[in-house]
Amino acid sequence: MSKTLPKGHKKLLNAWAFYDWANSVYNLTISSAIFPIFWGALTIVRNDQDVIISDTVRFLGYDFNNDALISYVTALAFLVVSIMSPLLSGIADYVGNKKFFLKLFCYLGAVSCIGLYWFSLEHLWFGLFCYFMALIGFWASFVFYNSYLPDIAFAEQQDAISAKGYSLGYIGSVILLIINLVMILKFDWFGFEDEGAPTRLSFVMVGVWWIGFSQYTYYYLPKGNKKDTTLSKNIFLNGFKELKMIWNELKHDIRLRRFLVAFFVYTMAVQTIMLIATYFGIEELDWGEQNATTGLIISILLIQLVAVVGAILTSKASAKFGNIKTIIVLNFIWIGICAYAYTMTTPFQFYITAAVVGLVMGGIQALSRSTYSKFLPKNVKDTASYFSFYDVSEKIGIVIGMFTYGIVAQVTGSIRHSILFLILFFAVGLILLFRVPRSNP
């Protein structure tokens with residue numbers, strides 16, 4: 001049985017932020033670190049000189065570039081989430097039980113991560129299906145998690161608690177990744193014959209961690225804002241009516257609408273970079289005698305650790321200079337990162353880039369979320385539906401970004417050229433950010 005606490009209560013804020021600790025292990029292990037390396041080892045054929053001689057995968061009767069295939073599956077999953085989440089958000093607000101949906105997608109994602117244990121080329125459809133469903137579970141649960149922010153925190157608390165959530169997520173995910181890394185690199189210590197079994201076991205550990213630690217969040221989070229106690233056949237239509245009403249509100253809210261458009265554009269680049277960074281490191285860098293797996297995971301750990309500092313510094317900067325000005329500066333930094341990444345070829349350059357990415361990655365995510373929350377109309381109750389617009393903007397942006405990345409990889413055989421498109425996205429996002437009013441007219 002959950003415990004009811006008043007809005008702004010310290011325990012309630014901490015319980016909400018702790019969900020980041022629970023679910024961020026998916027984002028790090030599956031999206032960024034171990035799974036991309038696992039996918040590369042499974043699909044790339046190298047000669048004795050460690051030169052790639054084949055990166056083609058046969059799936060559903062067609063040959064795909066391995067990077068293109070995983071990007072298409074990723075984009076398709078995000079497309080499903082973007083279509084599904086507005087409907088579910090409207091229903092959650094109408095029924096007043098968004099915690100049910102948060103749990104539902106949490107468990108779907110976690111069980112799917114466990115299913116990745118059986119990923120193989122012989123049963124590629126099953127492995128990609130588990131990857132697909134894990135991604136849906138993670139991101140769909142975030143729709144409802146994010147929508148709780150204005151419910152549990154006052155406006156003056158939201159920047160700090162949003163940053164704390166991301167910080168907890170980085171710390172928790174790094175702890176599990178280090179455990180997994182030791183298991184993989186020192187597999188003989190744990191009685192394994194090779195690194196294959198502990199790599200697969202890490203996917204199981206992600207699912208167990210996610211389910212286990214999320215229980216603390218569920219204990220304190222309220223059920224939701226209930227509007228009607230009757231479950232009727234019109235509940236789906238009522239969800240759409242909620243969305244239509246909010247869309248009409250957005251048309252009259254210049255500040256919120258312009259921020260959403262800007263967010264949609266620059267998040268294409270931010271999220272695509274986060275999803276493709278490891279794949280880029282595997283195929284585009286010359287690791288020489290250095291162990292590529294170790295080097296890539298060290299880079300990802302560096303990003304996570306620095307991101308904690310970045311989220312905190314960004315929160316302080318926004319308090320001093322304002323949210324929009326801070327996000328504008330972060331976009332300029334991202335453009336510089338992309339320009340440098342286009343030319344890099346060595347692990348040392350990758351480490352430098354990883355450190356700078358860490359500083360701005362957590363900051364732009366946390367600040368974007370809290371900025372949107374603060375821009376919502378005062379005393380609004382249907383926050384899940386409002387946040388569905390935010391999440392849909394992010395997901396559609398990812399769909400465009402990942403499809404662009406996949407097409408470039410398929411056509412050119414190299415993902416390096418996709419960086420040029422990312423610079424364009426950041427530049428357009430900057431122009432749009434300058435058009436966001438500092439106060440709502």
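This briefing walks through some helices, aromatic rings and cysteines of the structure above. The model is predicted, so local features need pLDDT of at least 70 and side-chain atom pairs count only at pLDDT 80 or more, while totals for chains, interfaces and linings use all residues. Residues are numbered from 1 along each chain as its sequence is written, and side-chain values use heavy atoms, with hydrogens and water left out.

**Helices**

- Helix α11 covers residues 292–321, which makes 30 residues; helices here are DSSP runs (H or I, at least four residues), numbered from the N terminus.
- From first C-alpha to last, α11 reaches 41 Å, close to the 44 Å expected at 1.5 Å a residue; the expected span is 1.5 Å times one less than the number of residues.
- At Ala307, α11 bends by about 30° (the angle between axes fitted to the seven residues ending there and the seven starting there).
- Just after α11 comes Gly322, with a positive phi of about 100°.
- Thr404 belongs to helix α14, residues 383–412, and counts as buried at 19% relative accessibility (buried means under 20% relative accessible area, with a 1.4 Å probe and protein chains only).
- The side chain of Thr404 reaches the backbone oxygen of Ile400 at 2.7 Å.

**Aromatic rings**

- The whole structure holds 37 aromatic pairs, that is, rings of Phe, Tyr and Trp (its six-membered ring) with centres within 6.5 Å; planes under 30 degrees apart count as stacked, over 60 as edge-to-face and the rest as tilted.
- Phe18 and Trp21 are stacked, because their ring centres are 5.6 Å apart and their planes at 10°.
- Both residues of this pair, Phe18 and Trp21, are buried, and they lie three residues apart in helix α1 (residues 10–32), about one turn of the helix.
- Phe35 and Phe38 form a tilted pair, with ring centres 6.2 Å apart and planes at 40°.
- Phe35 is buried at 0% relative accessibility, and Phe38 is buried at 10%.
- Ring pairs also link a cluster that includes Trp16, Tyr19, Tyr26 and Phe78.
- The charged end of Arg255 sits over the ring of Phe375, 3.9 Å from its centre (the test asks for NZ of Lys or CZ of Arg within 6 Å of the ring centre and within 35 degrees of the ring normal).

**Cysteines**

- A search of the whole structure finds zero disulfides (pairs of cysteine sulfur atoms within 2.5 Å).
- The closest cysteine sulfur to that of Cys106 is in Cys113, 9.9 Å away, so a bond is out of reach.
- Cys130 is also too far for a bond, because its closest cysteine sulfur, in Cys113, is 9.1 Å away.
- Cys106 is buried at 0% relative accessible area, and Cys130 is buried at 6%.

Technical notes. Helices (H or I, at least four residues) and strands (E, at least two) are DSSP runs, numbered from the N terminus. Buried means under 20% relative accessible area, exposed over 50%, partly exposed in between (1.4 Å probe, protein chains only). A polar contact is a pair of N or O atoms within 3.5 Å; within protein, one must be able to donate a hydrogen and the other to accept it, and residues adjacent in sequence count only if both atoms are side-chain atoms.
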